[in-house]
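Student: I've got a new model open. Can you walk me through it?

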Amino acid sequence: MGLEHLWAGWRAAFVTQAHAPAGGCVLCAIGRGDDGADDLVVARTSRAYCVLNLYPYTSGHMLVVPVRHVAHPRELEADETAQLWQLVQEAIAALSATYRPEGVNLGMNLGRAAGAGIADHLHAHVVPRWAGDANFMATAAQTRVLPEALPDTRDRLRRAWSTPIGP
Ligand SMILES: [Zn+2]
């Protein structure tokens with residue numbers, strides 16, 4: 001791992017961020033498939049998508065997001081909920097096939113007080129974990145070095161996405 005990878009990854013994040021409409025919601029822009037905004041999307045259904053986190057905790061950190069701009073799970077319609085959960089299951093399967101994590105953090109921060117970076121647009125975090133890796137809170141600083149650039153992670157996960165979800 002080297003600085004060039006760190007910078008390559010962060011540059012990709014900023015490129016993606018730059019495609020959000022001024023003052024607009026980046027998750028909506030990705031959901032619409034705005035030109036360039038969805039470069040890091042790993043999988044997509046009609047009403048939900050899975051994208052690499054722009055500011056990943058570790059390689060393989062994904063967000064599963066409804067296309068529609070809603071802030072709370074209670075606002076999701078039944079098929080949005082089903083598609084969201086389907087993508088969560090597939091994301092975990094793709095992670096397992098690609099990175100062989102020893103565990104996975106799966107969760108949502110509802111509201112800014114809970115730590116949501118984009119509080120108005122619901123998103124679930126899927127984060128691979130290994131025994132002995134650093135505590136999530138302790139590594140929240142922006143000085144992490146990623147072992148690979150985001151486009152490489154995206155390509156690996158896309159290739160793994162067809163992996164059947166095992167028992
Ligand atoms: Zn939105």
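Tutor: Areas come from the Shrake-Rupley method with a 1.4 Å probe, and for residues only the protein chains shown count as cover. A salt bridge is a side-chain nitrogen of Lys or Arg within 4 Å of a carboxyl oxygen of Asp or Glu. This is a predicted model: local features need pLDDT of at least 70, side-chain atom pairs count only at pLDDT 80 or more, and totals for chains, interfaces and linings use all residues. Residues are numbered from 1 along each chain as its sequence is written, and side-chain values use heavy atoms, leaving out hydrogens and water.

Student: Which residues make the nonpolar surface patch of about 280 Å²?

Tutor: One member sits in helix α3, residues 78-99; helices here are DSSP runs (H or I, at least four residues), strands are E runs of at least two, and both are numbered from the N terminus. The patch is made by Trp85, Val104 and Leu106.

Student: Is Glu80 buried or exposed?

Tutor: Buried means under 20% relative accessible area, exposed over 50%, and partly exposed in between (1.4 Å probe, protein chains only). Glu80 meets Arg47 in a salt bridge at 3.2 Å, N to O. Arg47 lies in the loop between β1 (41-44) and β2 (48-52) and Glu80 in helix α3, so the pair ties together parts 33 residues apart in sequence. With a relative accessible area of 1%, Glu80 is buried.

Definitions and conventions
Patch = residues over 30% accessible without salt bridge, like charges linked within 9 Å, V, L, I, M, F, W, Y side chains within 5 Å.
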